[in-house]
Amino acid sequence: MRWSIICILLAAAAQLLAIHAFNLQSTTTKRRTQLYARPEARSREVHKNILSRRTINEFEPTLPDNWERALEKSINAAIYAPNHKRTEPWRFYLLGPKSIEKVCQLNAEVVASKKGEEVGQKKLKRWLQMPGWLVVTCVKGDDDFNDPTSLAREDYAACCCAVQNLCLSLHSQGIGTKWTTGPVNFDPKFAEAVGFEPEKEYTVGTLWFGSAAGSSPSAPIKRLAVEGTFTKVE
């Protein structure tokens, strides 16, 4: 009787081990399937984020609750842009109320000097409505930017890649952006208003950011599709 009980218990244990092994194999197979499927899923997600990003012209008056964390995350994405020689030339300046006021007033002066006081005041009113301000600069080097092989040229390209990374990252977190490069960005007084030394850095652009007001703009019509821009060379 005792041996019969032992045999029954051993058989039950063997059955449980077989079930566990089957479940483990099924789980492993499922994980492998998911792993192999991930690149395609990631590709779809990345392409969707790129193709759905838009330049936002109208923002909600206040920033979303998570904006500081989102911005830090996006700047971290920005600094992983391609960068020859690893010079890390990008610098980021988050503007507060005082510096925003200075930049807006300076821009109104620049606009008024060319288009009149009324247009300048209209521009001032609009710019003061922008909720988030981030200025991106590039560290200056000693070489000639006009030389196409210069490090200065590559550093500017790297900063532009960083801006795109930043915009895409913010977009993926539900925050819209507009990259502006108007004349005020290169006015001698702009650097003072923002807080960087123009002898050491120059402006790549100002980014307005925040929650988009209303629906997202429609996709722009491309004059040239892949066929008009892509050439295979033997």
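Which residue of strand 4 does valine 139 stand opposite? In this predicted model, local features need pLDDT of at least 70 and side-chain atom pairs count only at pLDDT 80 or more, whereas totals for chains, interfaces and linings use all residues. Residues are numbered from 1 along each chain as its sequence is written, and side-chain values use heavy atoms, with hydrogens and water left out.

**View A. Pairing of strand 2 with strand 4.** Glutamate 201 in strand 4 is the residue opposite valine 139. Strand 2 (residues 132–139) and strand 4 (residues 201–210) are joined by eight bridges in the antiparallel sense; strands (E, at least two residues) and helices (H or I, at least four) are DSSP runs numbered from the N terminus, and two strands pair if DSSP finds at least two bridges between them.

**View C. Contact of helix 2 with helix 5.** Helix 2 (residues 67–78) packs against helix 5 (residues 151–172) at about 145°, with axes 8 Å apart; axes are lines fitted to C-alpha atoms, for helices over the stretch in contact, and angles run from 0 to 180 degrees between N-to-C directions.

View D. Leucine 166, in helix 5, is buried (under 20% relative accessible area, 1.4 Å probe, protein chains only), at 1% relative accessibility. Its C-alpha is 4.9 Å from that of serine 74, although 92 residues separate leucine 166 and serine 74 in sequence.

Key: Buried < 20%, exposed > 50% of the residue type's maximum accessible area, 1.4 Å probe, protein only.
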